[in-house]
Amino acid sequence: MGQALARSVIGGLLWLAAASLLATTASAQTAGEGLSPTLSAIKKAHTVRLGYRESSPPFSFLDQANRPIGYSLELCEAIVEEIGVEVDDPNLKIDYVKVTSDDRIDAVLQNKIDLECGSTTANAERGKRVAFSPLMFVAGTKLMVPKAASVKQLTDLKGKAIVVTKGTTNEQAIQAADKKFSLGLNIITSPDHEQSYQMLVDGKADAFATDDILLFGLIARHKAQDKFRVTGDYLSYDPYGIMFKKGEPQLAAVVERAFRKLGSNRDLVPLYNKWFIARLPTGERLNVPISLQLEEAFKAMDDSASANN
């Protein structure tokens, strides 16, 4: 009887230990175990941090009440919804964190933001450090010059001053072209697009080089159609994407799934039209039709049955 009782007690203790371990494991998984580092941190904080730009209309900019709005932010909000599904928290909060062209990549690498929702080019060099969503826009470097200027191409600016925003692919494109054509350009850098635009306004530069769509956006925002124009051949090819932490396949799958849901619901083109064709909340209108390349990329995101018929 003593041995039987001992065996029974030991068996009971083992069962309790096993049950306790299962409960602890379940609790840990509920708290975020099994999720990628970014998703786990989001679940723990109940918050997603979105990096935004102050002056990159219509992608990411401030409205009259200084609230971040834009095409990229709306795409990010769709990703946040999908993150909520993944971490089983439908009421995730959003924390908007200001970034610049110069510090946006570091903000991702240093875990200051979870998604960067701006006007960032997804290229091979950056792809070594960070990850990107599917294609959301295609742009390229062009020039903004005073309307009265005789400038038509970059070569017309030989020996003159050109402003670029620091940390952009446009800065690299202008430096490469300057070297290639021996233009002797005075290349000036500024912290953000608004400051670059202001340097052109103040006559401190003869041209401002950045992505064509951002130039059109700034001209529309400042109602400066009678003062400035966009000119020149494309000096770079810039496919945009939402930027996030590299090396997290689970997070990448969530981002991809969000885009595919938008594509399958036929939401991507209407979303584009809202920000590029219709009047913006700040009053201006860009009226930039969707490119054939982007339209095809959006169609590729459509997983619905009708898309395959």
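Trainee: At what angle do helix α3 (residues 71–86) and helix α9 (residues 249–264) pack?
Mentor: This is a predicted model, where local features need pLDDT of at least 70 and side-chain atom pairs count only at pLDDT 80 or more, while totals for chains, interfaces and linings use all residues. Residues are numbered from 1 along each chain as its sequence is written, and side-chain values use heavy atoms, leaving out hydrogens and water. Helices are DSSP runs (H or I, at least four residues), numbered from the N terminus, and axes are lines fitted to C-alpha atoms over the stretch in contact, with angles from 0 to 180 degrees between N-to-C directions. The axes of α3 and α9 lie 9 Å apart, at an angle of about 120°.

Trainee: Is Glu82 buried or exposed?
Mentor: Glu82 sits in helix α3 and touches Val254, Arg257, Ala258 and Lys261, not counting residues up to four places away in sequence; contact means heavy atoms within 4.5 Å. Its relative accessible area is 5%. Under 20% counts as buried, over 50% as exposed and in between as partly exposed (1.4 Å probe, protein chains only), so Glu82 is buried.

Technical notes: Helices (H or I, at least four residues) and strands (E, at least two) are DSSP runs, numbered from the N terminus.
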